[in-house]
Amino acid sequence: ENDYDIHRIQAKWLPRWEESKLFEVAGVPDSKPRKYILDMFPYPSGDLHMGHAEAFAYGDIVARYWRQQGFNVLHPIGWDSFGLPAENAAIKRGVDPSKWTYENIAQQKASFIRYGVSFDWSRELHTSDPEYYHWNQWLFLTLYEKGLAYRKASYVNWDPVDQTVLANEQVLPDGTSERSGAVVVKKKLTQWYFKITDYADRLLDDLKQLEGSWPSKVIAMQRNWIGRSTGAEVEFEVEGREAKLPVFTTRPDTLFGATFMVVAPDSDLAAELVADTSPEVQKAFAAYLEQVQRSTEIERQDASREKTGVFLDRWAINPVNGERLPIWAADYVLADYGHGGIMAVPAHDQRDLDFAIRFDLPVRVVIDTNAPVTGAIPVITPEMLEAGEIPALDPKGTGEALHGDGRLINSGPLDGLSKTNGQLRMIELLEQKGVGRAAKTYRLRDWLISRQRFWGTPIPILHAEDGSLHPVPESELPLRLPSTEGLDLKPKGTSPLGAATEWMQATLPDGRPARRDPDTMDTFVDSSWYFLRFLNPNDPTKAFDPAEAAKWAPIDQYVGGVEHAILHLLYARFITKVLFDLGYIDFTEPFTAVLNQGMVLMDGSKMSKSKGNLVEFADELDAHGADALRLTMAFAGPPEDDIDWGDVSPTGASKFLARAWRISGEVTSKPTVAWKGGDRALRRATHQLLADAPGLLEAFKFNVVVARLMELVNLIRKTIDSGPGAGDPAVREAIEVVAVVVSLFAPFTAEDMWERLGYTDSVAFAGFRKADPTLLVEDQVTAIIQVDGKVRDRLEVSPLIDSGELEKLARASENVARAIGDKEIANVIVRAPRVVNIATK
Ligand code: ANZ
């Protein structure tokens, strides 16, 4: 009882907090201002790990801070409990995915409670509950109705290990699956997509609103992922073909330099063009296509790889000069970018030049990159070229495409224009002739949401025998997953649901028989709107309540890993905009501010079982208690930085907490004390912390606040031991402030301190006191007195001294008088309270 024992303190407060439902927002008066603070919800695969301990410590600091500032804080928690890890683990152990999932949830929940995170537990949700995924199905049908959910056949990323498709976002830059690590291959399948590309411009343009409150790196990643290019669309006639061949180009100014065309070998366009050619060409093409399909996207985009391709024996006509251009198929052109075909301008595009050199195709320079774009165009004579004064424009000879600006040449009516003006003029020309127009293209693809796995939301669509599609009537939602009994979940390339014979059979509203859709939804659908479900998680009649959304959303602070910088944040932004357009919500961005915590490392590297350097959260919690762990996370440095667990000291954190806790038991003055008297130096330090803490905390400088707390506790100790003693009112004032600020980092210790200080309410709502500005001023400052630029005296003066008074004191100084001597004073500049400058003639 008499000394600090965090385990005893935790055991004392946990049941009390639970019983008092301390952090449920429902009971808080509506008149209070609101904050919605959210951590990215966890995946229930095993117990919490040190990464959770870090992220949730930060989120909780923010939540607790705003409560202390008088806000009604919504800080909910749930589980992202559908998905592959759960399913794979379940297959491995031969148990139902739901059993495995909900056992893990129970374990994580217990850990969160032990960790003292201030969640509103009444709002807990699990995305794998039918009560939740009901509304994924509603969302799907809402998008379907608006034409934003559609089915199409295309080449998709196929993970041969997990035997399911992956979104582009789930394929790592090296072409492997983010989940299984397998090399992803292309497979042609009919799948469901959400039309996120309709929102590309808004997803890009609205990033501006987030500048300053989102990590700039995340904004840049989103921008690149959407990847908007501006340029033109040009339509080429194809000999012997009705339809035109459109291409997207960022360089319409170079159209006179096009010398051949290239289409993606795996595009419908290539297949169609080759269909009318000779058997030899078709054979060569088929062989080439096979070779291409064995390579990964990454290999295809590797610019250093030698160019490959086949001539299709077809010809296009350049719409501006009527030239015949041979059409090739080559894998450096991608089927799903732009129109899947390009006009090749080898003089000014390196990939085209490499191809032209490899297959000996003509190259025509159309921009004189030696000609400056300002001033007169110099006349280049053959003599000048011969004398080597002007480097020759010979990309085919040098192997280097000409990228620079200059004057257009060999371009008929465009000759003499700069690159930019040439682009504008060419677009005008194309529009006049009706063969092209200004256009934009995006890297962003539509969001592929079908998954051939069991543990996800069933897609609420019925397939009639005639192939027509019909939404499952809303009255039949939620469409629940069937029992796993007798169902083989092992990945085999088709959905396990397809084998649930009885479940698959359905009837259309008009009585015709139909089959259910056997696929489930990507779990990123679940997390694209879950923050709205927290507002009324138990409402069986609707996904979320627009009135509650108007009150609480958007999220004021979102905390989570940078691994979600693209996928999750982009999808949530997209769905938010859709719901805004449908009139359900009144905001267009879901997360006003985002904080990405760094990683918890061990000896400089990522922790993992295989490396044998795994620090288990539960072990640390047993050893040090929740508060020391949380304080260590806060004290380790800026939250965005990585923490090396080998470099930090939870023991040191414990020692600090023990010192603060002991002081709370030594104070002898009563809680009713009016904050007037007491040791002035201690009061000043206390109020300085009160003045600085809000700004520091709002800038996430948690470590600085902890350091300041440590200083203040040292000063209190000194004031008790070798100053006015524990009865001094300044000691009580100081330790109360310590308890309130410590409550953000170490809630158990703070709660116990508060009780020892004589209070019966929770410290979590005690409130930050206002700093008294009169206490912040220093008692004395040093004024420097200079004569002709030399320091002649230093005077201790009041910080509130006025200029006249300070000048009088300066002139009265003996040293100053001696320095002036009998010289005449020319000028006196006084900057009270710090400087007096006297200049003599
Ligand atoms: C002619 C040209 C001339 C081009 C020139 C560039 C330079 P970004 O900026 O990435 O959007 N392109 C168009 N569709 C393509 C596809 N499906 N696969 C591969 N390349 C494709 O790049 C746009 C440029 O990439 C386009 O402009 C086109 O080549 C090529 F001096 O057209 B350009």
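This is a predicted model: local features need pLDDT of at least 70, side-chain atom pairs count only at pLDDT 80 or more; totals for chains, interfaces and linings use all residues.
Q: What's the strand order in the open sheet with antiparallel pairing?
A: That open sheet has four strands, in the order S6-S5-S7-S17. Strands here are DSSP runs of E with at least two residues, helices are runs of H or I with at least four, and both are numbered from the N terminus. Two strands pair if DSSP finds at least two bridges between them.

Q: Who's closest to the centre of the largest cavity?
A: Gly-83, Leu-84, Arg-451, Asp-522 and Thr-523, out of 17 lining residues. Helix H3 (84–93), strand S6 (164–166) and strand S23 (520–521) are the elements giving two or more residues to this lining. By class, the lining has six nonpolar, six polar and five charged residues. Nonpolar covers Ala, Val, Leu, Ile, Met, Phe, Trp, Tyr, Cys and Pro, charged covers Asp, Glu, Lys and Arg, and the others, Gly among them, count as polar.

Q: How many cavities of 30 Å³ or more are there?
A: Three, from a search of the whole structure. The second largest cavity has a volume of about 50 Å³. Its lining includes Leu-22, Phe-23, Asn-72 and Phe-765, and divides into seven nonpolar, one polar and two charged residues.

Q: Asn-72 in S2: which residue stands opposite?
A: Arg-34. Strand S1 (residues 34–39) and S2 run parallel and are joined by three bridges. Both belong to an open sheet of four strands in the order S2-S1-S24-S25, with parallel pairing.

Q: Why is one side of S2 and of S25 left without a neighbour in the sheet?
A: Strand S2 (72–74) and strand S25 (594–596) stand at the edges with a single partner strand each, so one side of each has no neighbour in the sheet. From one strand to the next, the twist averages 20°.

Q: Which strands does H2 lie across?
A: S1, S2, strand S24 (557–560) and S25, with H2 running at about 175° to S1. Angles run from 0 to 180 degrees between N-to-C directions, with axes fitted to C-alpha atoms, for helices over the stretch in contact.

Q: How does H2 cross H25?
A: At roughly 145°, with the axes of helix H2 (residues 50–68) and helix H25 (residues 729–745) coming within 7 Å. Ile-61, Arg-64, Tyr-65 and Gln-68 in H2 meet Val-740, Ser-743, Leu-744 and Phe-745 in H25, where contact means heavy atoms within 4.5 Å. That makes five nonpolar, two polar and one charged residues by class.

Q: New topic: how many aromatic pairs are there?
A: The structure holds 45. Take Phe-140 and Tyr-144: their ring centres are 6.4 Å apart and their planes are at 15°, so this pair is stacked. Rings of Phe, Tyr and Trp (its six-membered ring) pair with centres within 6.5 Å; planes under 30 degrees apart are stacked, over 60 edge-to-face, and the rest tilted.

Q: Where do Phe-140 and Tyr-144 sit?
A: In helix H5 (residues 130–145), four residues apart, which means about one helical turn separates Phe-140 from Tyr-144.

Q: Last one: how many residues lie between S11 and S12 in their hairpin?
A: Six, and Gly-322 in the turn has a positive phi of about 75°. S11 and strand S12 (residues 324–329) pair in the antiparallel sense over six bridges, with Ala-316 opposite Leu-325 in S12.

Key:
Residues are numbered from 1 along each chain as its sequence is written. Side-chain values use heavy atoms; hydrogens and water are left out. On a 1 Å grid over the protein atoms alone, a cavity is a set of points where a 1.4 Å probe fits but cannot get out, and a pocket is an open set with protein on both sides within 12 Å along at least five of seven lines; lining residues have an atom within 4 Å of a point. Grid points are joined across faces, edges and corners, and a volume is the space filled by probe spheres set on the points.
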